[in-house]
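This briefing concerns the protein chain shown below. The overall layout is treated before individual residues and their contacts.

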Amino acid sequence: MKISKEAKDRANGIFRQAEAEGRSTLFEHEVYALLDAVGLKTPRFHLIKDESEISQSMLESFGREVVVKVVSPDIAHKSKLGGVRRIFTHDELFVK
């Protein structure tokens with residue numbers, strides 16, 4: 001498979017950003033972005049940096065179930081620390 005220059009540039013940007021932040025590992029959403037850049041299918045995701053970004057229409061675009069995961073350089077194993085929740089509602093206040 002040939003990887004386009006745009007995909008390589010996108011991947012290099014992700015690696016540079018992680019390095020600039022002093023991280024030696026990538027966050028899950030960054031891995032998805034890398035896979036997407038080379039044309040592989042990934043789960044639908046949306047990185048939320050502030051709860052004000054959560055809206056009813058954004059949640060509805062995901063379907064019936066939403067999986068919420070914590071993103072932190074200090075937490076490698078989200079499930080072990082309770083950082084993963086499956087939510088079967090589109091009530092944005094509940095998700096917040």
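Is Val 31 buried, partly exposed or exposed? With a relative accessibility of 34%, Val 31 counts as partly exposed; buried means under 20% relative accessible area, exposed means over 50%, and partly exposed lies in between (1.4 Å probe, protein chains only). The model is predicted: local features need pLDDT of at least 70, side-chain atom pairs count only at pLDDT 80 or more, and totals for chains, interfaces and linings use all residues. Residues are numbered from 1 along each chain as its sequence is written, and side-chain values use heavy atoms, with hydrogens and water left out.

**Overall architecture**

- The protein chain contains 4 helices and 2 strands, where helices (H or I, at least four residues) and strands (E, at least two) are DSSP runs numbered from the N terminus.
- Read from the N terminus, the order of the elements is α-α-α-β-β-α.
- Along the principal axes, the C-alpha atoms of the protein chain fill a box of roughly 40 × 30 × 25 Å.
- The protein chain has 96 residues, of which 24% count as buried.
- Among contacts (heavy atoms within 4.5 Å) with a separation of 6 or more, 36% are between residues 24 or more positions apart.

**Surface and charge**

- The chain carries 16 positive and 15 negative charges, whose mean positions are 7 Å apart.
- In this count Lys and Arg are positive and Asp and Glu negative, while His and the chain ends are not counted; each charge is placed at NZ of Lys, CZ of Arg, CG of Asp or CD of Glu.
- A nonpolar surface patch is formed by Met 1, Ile 3, Val 31, Leu 35 and Leu 40, with about 450 Å² of accessible area together.
- Patches are made of residues with over 30% relative accessible area and no salt bridge; like charges are joined within 9 Å, and nonpolar side chains (Val, Leu, Ile, Met, Phe, Trp, Tyr) within 5 Å.

**Salt bridges**

- The structure holds 6 salt bridges, each being a side-chain nitrogen of Lys or Arg within 4 Å of a carboxyl oxygen of Asp or Glu.
- One of them joins the side chains of Arg 10 and Asp 36, at 3.0 Å from N to O.
- Arg 10 belongs to helix H1 (residues 5-20) and Asp 36 to helix H2 (residues 28-37), so this pair ties together parts that are 26 residues apart in sequence.
- Arg 10 is partly exposed at 38% relative accessibility, and Asp 36 is partly exposed at 40%.
- Arg 23 and Glu 30 form another salt bridge, with the closest N and O atoms 2.8 Å apart; both residues are buried.
- In the salt bridge of Glu 65 with Arg 86, the closest N and O atoms are 2.4 Å apart.
- Glu 65 sits in the loop between helix H3 (56-60) and strand S1 (66-69), and Arg 86 in strand S2 (residues 84-87), so the pair ties together parts that are 21 residues apart in sequence.
- Glu 65 is partly exposed at 29% relative accessibility, whereas Arg 86 is exposed, with a relative accessible area of 56%.

**Helix H2**

- Val 31, a member of the nonpolar patch, lies in helix H2.
- The buried residues of H2 include His 29, Glu 30, Tyr 32, Ala 33, Leu 34 and Ala 37, and their cover includes H1.
- Gly 39 follows H2 and has a positive phi, near 90°.

- Phe 45 is placed in the loop between H2 and H3 and is partly exposed at 36% relative accessibility.
- Leaving aside neighbours within four places in sequence, Phe 45 is in contact with His 29, Tyr 32, Ala 33 and Phe 62.
- The C-alpha atoms of Phe 45 and Val 66, 21 residues apart along the chain, are separated by 9.5 Å.
- For Val 67 and Phe 45, 22 residues apart along the chain, the C-alpha separation is 9.1 Å.
- Val 67 lies in strand S1 and is partly exposed, with a relative accessible area of 44%.
- Leaving aside neighbours within four places in sequence, Val 67 is in contact with Val 84, Arg 85 and Arg 86.

Note on methods: Areas by Shrake-Rupley, 256 points an atom, 1.4 Å probe, with all protein chains shown as cover.
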